[in-house]
Amino acid sequence: MLLICNGRIKTMAGPELARGCVLVGDDGKIAAVGASIAPEPGVRVVDAGGRLVTPGCVEAHCHIGLDNEAVGWEGKDYNEGTDPVTPQMRAIDGFNPQDEALGLALRGGVTTACTGPGSANVVGGTFMAVKLAGKRVDDMVVKNPLAMKCAFGENPKRFYGQSAKKSPMTRMAVAALLRELLFKTRRYMEDKAAGKNPPFDMKLEAMEPVLRGEIPLKVHAHRADDILTAIRVAREFGVSITLDHCTDGAVIAEELAGEHLPAFVGPSLGSKTKVELRSKSFETPGILHAAGVPISIITDAPVIPLQYLPMCAGLAVSAGLPMEEAWRAITINPATQTGIAHRVGSLEPGKDADLVIWTADPLTTVGAEAWLTLVDGKIAYSAE
């Protein structure tokens with residue numbers, strides 16, 4: 001067992017403890033959290049020295065492990081660019097646990113990431129949630145499949161319409177391809193249920209969990225009209241969605257508030273490299289939160305390296321998001337909105353012992369990073 005004491009504990013499940021302790025069990029779970037916990041014989045004690053202690057940060061949308069660091073084309077395993085509709089692709093089959101980006105993320109206090117295919121395809125395949133410490137992806141998975149990636153707007157238009165001169169060339173075609181796949185999947189499921197035994201179709205098999213409501217469509221959408229088109233299509237088929245990027249969210253904040261859908265906002269750092277990024281701003285999370293939209297902040301790593309997720313939350317604070325909401329937006333919110341809050345996102349008994357002792361508050365201090373990072377109760381990064 002391991003006892004962290006003398007820390008400023010931000011549990012994300014209740015009031016902050018100005019001086020508190022976290023007890024980690026031999027099973028890698030949190031055994032107790034409190035103002036004072038007496039160490040039992042044989043328990044290793046770590047003195048946090050008054051440092052901030054938080055849950056490990058959770059990234060709701062990135063491509064870590066599939067878009068590998070510093071390896072060029074060979075490490076680009078996140079877009080199967082041969083077909084605009086590839087729901088049968090699975091992130092778990094392209095994830096590289098040895099990607100150096102994972103270690104950098106742990107040093108930056110990020111312990112769990114939702115990662116998967118990119119946005120070249122209208123439907124790209126399934127995302128998964130993984131811990132960022134480990135050697136074998138099968139042992140790192142928190143949830144798989146997590147969601148089915150789909151993309152609206154500029155990316156599929158440019159990748160296929162502009163570059164390959166094939167569909168989709170327009171936003172109409174993007175929506176039509178998604179609708180066609182959903183229609184075919186629904187008919188395929190109906191035929192199987194009726195005993196008609198249709199020929200096996202791997203694409204449609206992969207889409208069945210979406211139609212059954214087991215996983216959502218993870219919607220890449222920046223522009224306001226794309227966001228609303230995604231909502232329209234989802235409503236037509238009765239499927240769940242998350243709004244990933246949501247760059248124009250501030251433009252339609254009141255409309256989105258009425259939809260009660262989570263918005264994964266970002267990446268907000270960097271230049272506006274596409275037309276549909278004209279409204280990119282760190283003000284967006286605060287505006288959406290004020291309107292009542294549940295938000296998480298994302299890096300879309302490697303667009304923003306994953307270790308800078310806390311910094312992005314801090315920049316959102318400087319642009320109007322309340323501090324506590326910024327912390328929620330990189331811990332309990334993404335965990336809840338991706339269906340993994342029973343494991344991660346807060347410091348509570350029974351949850352995985354994923355936590356960070358910080359050198360300084362990363363939302364207020366430039367250069368702050370982890371002093372100690374635990375994943376499943378084991379030290380994944382130490383500054384000493």
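**Exercise 1. Determine how strand 14 pairs with strand 15 and with strand 5.**

Solution. Strand 14 and strand 15 (residues 370–375) are antiparallel partners joined by 4 bridges; strands are DSSP runs of E with at least two residues, numbered from the N terminus, and two strands pair if DSSP finds at least two bridges between them. The model is predicted: local features need pLDDT of at least 70 and side-chain atom pairs pLDDT 80 or more, whereas totals for chains, interfaces and linings use all residues. Residues are numbered from 1 along each chain as its sequence is written, and side-chain values use heavy atoms, without hydrogens and water.

Next, strand 5 (residues 52–55) also pairs with strand 14 in the antiparallel sense, over 3 bridges. Val356 stands opposite Thr373 of strand 15 and is the bridge partner of Thr54.

**Exercise 2. State which way the side chains of strand 14 (residues 355–358) point, and whether they are buried or exposed.**

Solution. In a regular strand, side chains alternate between the two faces of the sheet. Leu355 and Ile357 point one way, Val356 and Trp358 the other, and all are buried (under 20% relative accessible area with a 1.4 Å probe, protein chains only; exposed is over 50%, partly exposed in between).

**Exercise 3. Classify the aromatic pair of Trp327 and Trp358.**

Solution. The structure holds 3 aromatic pairs (ring centres within 6.5 Å; planes under 30 degrees apart are stacked, over 60 edge-to-face, the rest tilted; for Trp, the six-membered ring counts). The centres of Trp327 and Trp358 are 6.3 Å apart and their planes lie at 65 degrees, so the pair is edge-to-face. Both Trp327 and Trp358 are buried.
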